[in-house]
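Please have the model open beside you as you read.

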Amino acid sequence: EIMKSRNIFWVVVGTAFCVRALLLLLIGSNSAYAFTSDSSGYTIPAQNLRQHGTFATLVKGRLIPENYRTPGYPVYLLAFISRDGRLRYRAVQWSQAILNAMSAGLIYLAALTYWQDRRAALAAGMGFALDFVNAIHCIFVLTDILFVFMMACVLYCLINHREYWAGLICAGAAFVRPIGLYYPFFLAPLLYLMWVKRKEQFPVRKLTIFLAISTLPMLAWMGRNAYSGGGWTFSSLTEANLTVRAALVKMEMNQIPYDDAMEAVQKESRESMGAHSAGQWDTQYLLIHWKDLLKIMLKGTVKFLSGNSVKVAAWTILKDNYYDPATLPTYSPLSPMAQARELARRHRSLGIGLALYLIFLGFTYLLFLMGFWAAGKQTGWQTALVLGSSILYFTLLTIGVDAQARYRLPIMPALFLFAGGGLKTLWPTEDV
């Protein structure tokens, strides 16, 4: 039985890697498809760390401490930077294909442990392995693939009752993407309820240790930023996300392009700087216009769940420069359905691929709901909520800011874990 499980693990990992390798070969080695407008925010600090030994960015010819980006992904990039500062981006792409394939393997192992069913575990691992959005984002020099791997590790640790390891990895994940900063605080009370339900000894002590492990590294980094003059903050990116939300609300209210809305919000924020900081102004603005924010979040939920990255394929595989991210508006004025029709008119094959992927997603969500219900009945709702916490946390923090398909990636490990359980409910089998 153990040998069968190991063989299936490598089948899942191998399938995932082959899918990603095929995409990398189809896209080719052109650097234009590896770097986005955000990539330099990671590559420059990584190069400075390699050449000067300090996590900094270059401003007006001198190095200043970097406090907008966090060091997790730049440290990862160090392995691919030569002594003269050149980034071997092609090696980064292949390493991310391997990482994402290993994430599929971890999801298989997590599902096997949790559901005690090889077919459910195979469905969970293979679902992730065949997920197009995961596969296509291995090409970009961005944080997504490393972050997803770490979230898969967290899920695996939680299922195997290694909560302290999960907390440590949560801390590391926040250094890769600051959106993970508050996840330990979101997860902690759910863990406490689970421990109480299981009647484990010393749940308060365990909770205290978990919070210490997961938050002390973040507090140390906040101290570093305060010492370097960047303020007592983990990353100034958090404040920037509030500004994006405010701009989207103004865009919705006034029916104006996003760039115009952002300019108006920044102007109003500057004018109030005497009474409030930028973050305080953004927060008050959002509270005043909470109905419009709620409307945006509801729309964002649909975009978040149906995001597909097929336009990325049109640009990188079919070489259609119309879909070059550098020329596309940050937030399209077209509805998702109008964008899909336009894509199908330009590339019929991608229109068919989009339809198939949306069917795949819809079936996955249906299986997820069934699996989550089965998990609640099987191991208790406290455990089910712990394992599904990443889905709720990252969804709530993403909708209303930037509901792109790539920002759905952190919820996919847990999503496919429960989807595997949904398949088990539909197709009962004997336990492992």
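Axes are lines fitted to C-alpha atoms, for helices over the stretch in contact, and angles run from 0 to 180 degrees between N-to-C directions. Helices (H or I, at least four residues) are DSSP runs, numbered from the N terminus. The model is predicted, so local features need pLDDT of at least 70 and side-chain atom pairs count only at pLDDT 80 or more, while totals for chains, interfaces and linings use all residues. Residues are numbered from 1 along each chain as its sequence is written, and side-chain values use heavy atoms, with hydrogens and water left out.

| Pair | Angle | Axis separation |
|---|---|---|
| α17 (residues 348-379) and α19 | about 75° | 6 Å |
| α18 and α19 | about 135° | 7 Å |
| α4 (residues 89-115) and α19 | about 45° | 10 Å |

Angles under 35 degrees count as roughly parallel, over 145 as roughly antiparallel, 65 to 115 as roughly perpendicular and the rest as oblique. α17 and α19 are therefore roughly perpendicular to each other. Their contact (heavy atoms within 4.5 Å) includes Phe-360, Phe-368 and Phe-372 of α17, and Phe-416, Phe-418 and Lys-424 of α19. Its residues divide into 16 nonpolar, six polar and one charged. For these classes, Ala, Val, Leu, Ile, Met, Phe, Trp, Tyr, Cys and Pro count as nonpolar, Asp, Glu, Lys and Arg as charged, and the others, Gly among them, as polar.

How do α18 and α19 lie relative to each other, and with which hand do they cross? The two helices are oblique, and α18 passes α19 in a left-handed crossing. A crossing is left-handed if the near helix is turned anticlockwise from the far one by less than a right angle, and right-handed if clockwise. On the α18 side, the contact is made by Ala-384, Leu-387, Gly-388, Ser-390 and Ile-391, and on the α19 side by Ala-414, Leu-415, Leu-417 and Phe-418. That gives seven nonpolar, two polar and no charged residues.

α4 and α19 are also oblique to each other, but their crossing is right-handed. Ile-107, Ala-110, Ala-111, Tyr-114 and Trp-115 in α4 meet residues of α19 that include Pro-413, Phe-416 and Lys-424.

**A cavity and a pocket**

On a 1 Å grid over the protein atoms alone, a cavity is a set of points where a 1.4 Å probe fits but cannot get out, and a pocket is an open set with protein on both sides within 12 Å along at least five of seven lines; lining residues have an atom within 4 Å of a point. Grid points are joined across faces, edges and corners, and a volume is the space filled by probe spheres set on the points.

The structure holds one cavity of 30 Å³ or more, and the largest cavity has a volume of about 50 Å³. At least two of its lining residues come from each of α7 (144-159), α18 (381-398) and α19 (412-426). Among the lining residues are Met-151, Tyr-183, Leu-387, Ser-390 and Ala-414. By class, 10 are nonpolar, two are polar and none is charged.

The second largest pocket has a volume of about 680 Å³. Of its 26 lining residues, the closest to the centre are Met-251, Glu-252, Lys-303, Tyr-331 and Ser-332. α14 gives the largest share of the lining, five residues. The lining divides into 14 nonpolar, seven polar and five charged residues.
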